[in-house]
Amino acid sequence: MLALVTKYLLRYKRVAIPKVGTFEIVVQSPQLDVADKRLTSPVYLTRHNVDDNVPDHQFRFFANGVDEKQVRDELYSFGERLRRQVQNSPFYWKGLGTLKYASSAVLFEPDEILLGSLPPVTAEKVIRQNVQHSMLVGDREMNSQQVNEVLARVEYKRPWFITLGWILLIVAVVAILIYLYMHNFQTSSTGLGRW
């Protein structure tokens, strides 16, 4: 039964064993080791949780033309035997990890599933000078040199005499308002007498 359980786990990445739990193969993404300048390949780990609900698909796979009730009984008795064996001594599941029993629970210590076909590779940073590549800016396609020219272009600056004119206008309006305020906003203070 262990061979059939292992086959199902490797094919569907998840298998449930009654009284023991559910095992799932998960992928750890590639890791960058900056100090050694190495990029390691993905690592596969087997994760265990206590949920032991067996899906119907697993029973149908195990049955393969045999009576499904018989397969169900065999799987439950296999799970019970495995649990009793783990209570007495640790069980090594070849290539996946070790099952142990501690504090009335089944514990699982996974092995890393390494792929020999994907060895770690050297990761060197590459900086290229004067490289041209196309990119989409708004609705126009430009190369990197054109984008740099657009970014380096100086914005339009207003001539200094226009700025000076606005400042003088504001100063004149403020001076008129102060003069009117000091003479209590009387119309005769403007120098325009009555007509």
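**Exercise 1. Find which residue of strand 7 stands opposite F91, then work out how the two strands are joined.**

Step 1: F91 faces L99 of strand 7. Strands here are DSSP runs of E with at least two residues, and helices are runs of H or I with at least four, numbered from the N terminus.

Step 2: Strand 6 (residues 91–93) and strand 7 (residues 97–102) run antiparallel and are joined by three bridges. DSSP must find at least two bridges for two strands to pair.

Step 3: Now look at the turn: three residues lie between the strands of this hairpin, and G95 has a positive phi of about 85°.

A word on the model: it is predicted, with local features needing pLDDT of at least 70 and side-chain atom pairs pLDDT 80 or more, while totals for chains, interfaces and linings use all residues. Residues are numbered from 1 along each chain as its sequence is written, and side-chain values use heavy atoms, without hydrogens or water.

**Exercise 2. Follow strand 7 onward to strand 8.**

Step 1: Six bridges pair strand 7 with strand 8 (residues 105–110) in the antiparallel sense.

Step 2: Within this pairing, K100 stands opposite L107.

Step 3: Two residues separate the strands in the hairpin, where S103 takes a positive phi near 50°.

**Exercise 3. Name the residues that touch the most other members of the largest nonpolar core.**

Step 1: Such a core joins buried Ala, Val, Leu, Ile, Met, Phe, Trp, Tyr and Cys residues through side-chain atoms within 4.5 Å; buried means under 20% relative accessible area (1.4 Å probe, protein chains only).

Step 2: Among its 25 residues, the answer is F23, W93 and L99.

Step 3: Helix 3 contributes the most, five residues.

Conventions:
Buried < 20%, exposed > 50% of the residue type's maximum accessible area, 1.4 Å probe, protein only.
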